[in-house]
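Please keep the sequence and the model in view while reading.

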Amino acid sequence: MREVAGESLIVVRDQKGQVGGFYNVCRHRGTRLCEEPAGHSATIQCPYHAWTYGLDGRLVGAPHMDKVSGFDKADYSLHRVGLALWEGFIFVNLANAADASTARGGCSPLEEWFAPLLGKFSRWNLPKLRSGKRIEYDVRANWKLVFENYSECYHCPGVHPTLSKISPYDSAENDLTEGPFLGGFMKLNKGKSLTMSGNACARAVGDGEEEREEEGAKERVFYYSIFPNMLLSMHSDYVMVHQLWPQAPDRTLIVCDWFFHPEAAGVSDPSYNPDDAIEFWDMTNKQDWHVCELSQQGIGSSAYTPGPYSPRESIPAAWRREYLRRLT
């Protein structure tokens with residue numbers, strides 16, 4: 001179950017492995033069907049009058065409704081929500097279900113939306129990675145401040161001294177500079193990883209061969225903002241993903257996940273130490289959230305007017321242009 005834009009949604013995987021999404025609303029009296037954030041069941045049953053639905057959304061049981069003239073269970077399936085997969089991640093669309101599933105040329109809106117990224121991240125094998133840790137942060141700052149902070153390292157020497165020793169703050173090279181997807185890579189010192197020890201914490205998430213095709217790929221970390229609420233950080237030995245969920249104009253819930261090679265934990269490998277990366281980024285995250293909260297406090301002042309962007313803030317400037325374009 002997930003709350004999105006004020007709507008409660010149910011996301012399911014059926015017995016065939018297919019993913020589907022529905023509004024968390026019973027077709028009888030509108031009762032909230034699921035209360036727990038996650039679970040396992042072959043059906044979805046309303047806690048009020050026991051109307052029961054299959055994982056495909058069809059109404060399969062409705063006590064005593066067979067005595068109602070003209071009642072047909074086929075007319076009371078759960079309302080679907082537009083849903084699609086990209087690189088193993090689930091995205092939902094609360095637009096009209098018909099509009100969300102088809103578009104011109106038979107291409108779904110999600111496929112059109114992510115067309116600029118087609119194949120770009122395939123070397124990381126994102127759909128196959130396994131979650132190693134999730135931490136949630138309640139940040140007292142607007143979500144747009146978090147997006148901008150993620151998109152530049154102008155602040156890194158003062159805010160992230162440990163990170164700056166491993167990854168030079170002025171090494172950024174951006175390859176996506178306009179539109180809803182922005183970012184590029186930063187360099188790492190030779191043989192280093194963004195961990196507390198500075199060493200790789202797990203086997204490479206890629207298959208190795210594609211890594212070698214791009215010279216120096218293992219000595220780079222890639223950062224991309226995926227509009228509207230995803231921050232994707234890709235390292236050679238792990239992937240980190242932030243989800244931004246606005247709670248109020250001055251508050252954001254940030255869900256941070258670390259993903260590793262699917263076989264990393266199952267092999268006898270003393271180099272597998274996920275906490276080395278998790279501890280590093282938990283520290284770095286908290287440093288970022290602190291300055292974002294300071295920014296939130298400062299922009300509330302009547303004395304505040306925005307200053308110009310530096311040359312090191314081209315991506316935040318591009319992100320702001322895209323956001324304003326979406327508003328208009």
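Helix 3 (143-150), helix 7 (274-299) and helix 8 (314-327) each contribute at least two residues to the lining of the second largest pocket. Helices here are DSSP runs of H or I with at least four residues, strands are runs of E with at least two, and both are numbered from the N terminus. This is a predicted model, in which local features need pLDDT of at least 70 and side-chain atom pairs count only at pLDDT 80 or more, whereas totals for chains, interfaces and linings use all residues. Residues are numbered from 1 along each chain as its sequence is written, and side-chain values use heavy atoms, with hydrogens and water left out.

The second largest pocket has a volume of about 710 Å³. A pocket is defined on a 1 Å grid over the protein atoms alone, as an open set of points where a 1.4 Å probe fits, with protein on both sides within 12 Å along at least five of seven lines; lining residues have an atom within 4 Å of a point. Grid points are joined across faces, edges and corners, and the volume is the space filled by probe spheres set on the points. In the second largest pocket, 23 residues form the lining, and Leu145, Glu148, Ser295, Tyr304 and Arg320 lie nearest its centre. By class, this lining comprises twelve nonpolar, six polar and five charged residues. The nonpolar class is Ala, Val, Leu, Ile, Met, Phe, Trp, Tyr, Cys and Pro, the charged class is Asp, Glu, Lys and Arg, and the others, Gly among them, count as polar.

Three strands in the order 1-2-3 make an open sheet with antiparallel pairing, where two strands pair if DSSP finds at least two bridges between them. Its edge strands, strand 1 (2-4) and strand 3 (19-23), each pair on one side only. Strand 2 (residues 7-13) is joined to strand 3 in the antiparallel sense by five bridges, and Leu9 has Tyr23 in strand 3 as its bridge partner.

Another open sheet of three strands has the order 4-5-6, again with antiparallel pairing. Here the edge strands are strand 4 (43-45) and strand 6 (59-61), each of which pairs on one side only. Strand 4 runs antiparallel to strand 5 (residues 52-54), with three bridges between them; Ile44 stands opposite Tyr53 in strand 5.

The cysteines come next. How many disulfides does the structure hold? It holds one, a disulfide being a pair of cysteine sulfur atoms within 2.5 Å. The partners are Cys153 and Cys156, whose sulfur atoms are 1.8 Å apart. Their link is left-handed, with -105 degrees about the S-S bond. Cys153 counts as buried because its relative accessibility is 10%; buried means under 20% relative accessible area, exposed over 50%, and partly exposed in between, with a 1.4 Å probe and protein chains only. Cys156 is likewise buried, at 3%.

Cys201 is buried, with a relative accessible area of 0%.

Finally, Gly198 lies in the loop between strand 11 (181-187) and helix 6 (209-213). Gly198 counts as buried, at 4% relative accessibility.
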